[in-house]
Amino acid sequence: MDENYIVNLGGEMFRLTALIAAPAMLVGMMVGIVMALFQAITSVQEQTLTMIPKIFAVALTLVLMMPWILHTLVSFTAEIFRSLGDAIY
């Protein structure tokens, strides 16, 4: 196991983390923009009005994306275990 393997593994972990988190972050951002636009149009300045829809939208996104997230994480873990034998020798 050399330094290149560890650096590549770390880079792949960061890429995978960003890939998994991106859908929830994008949905949260889109809902936030829509709610901010709604607040600007109606002049309603209630803080909970923006947080509650974002929480529900992000939670729903994570629930709907859970099979893909689990499949991605399991395949990444399986690939680590497969390459671990080669990396040790």
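Biologist: Is Glu12 buried, partly exposed or exposed?

Modeller: Buried means under 20% relative accessible area, exposed means over 50%, and partly exposed lies in between, with a 1.4 Å probe and protein chains only. Glu12 has a relative accessible area of 30%, so Glu12 is partly exposed. Please keep in mind that this is a predicted model, in which local features need pLDDT of at least 70 and side-chain atom pairs count only at pLDDT 80 or more, while totals for chains, interfaces and linings use all residues. Residues are numbered from 1 along each chain as its sequence is written, and side-chain values use heavy atoms, with hydrogens and water left out.

Biologist: Which side chain meets Glu12 in a salt bridge?

Modeller: Side chains of opposite charge can pair when their charged atoms come close. The term salt bridge requires a side-chain nitrogen of Lys or Arg within 4 Å of a carboxyl oxygen of Asp or Glu. Here the partner of Glu12 is Arg15, at 2.6 Å from N to O, and Arg15 is partly exposed at 45% relative accessibility. Both lie in helix 1 (residues 3-42), three residues apart, about one turn of the helix; helices (H or I, at least four residues) and strands (E, at least two) are DSSP runs, numbered from the N terminus.

Biologist: How many salt bridges does a search of the whole structure find?

Modeller: The search finds two. Arg82 and Glu79 form a salt bridge with their closest N and O atoms 2.7 Å apart, and both lie in helix 2 (residues 48-88). Arg82 is exposed at 55% relative accessibility, whereas Glu79 is partly exposed at 43%.
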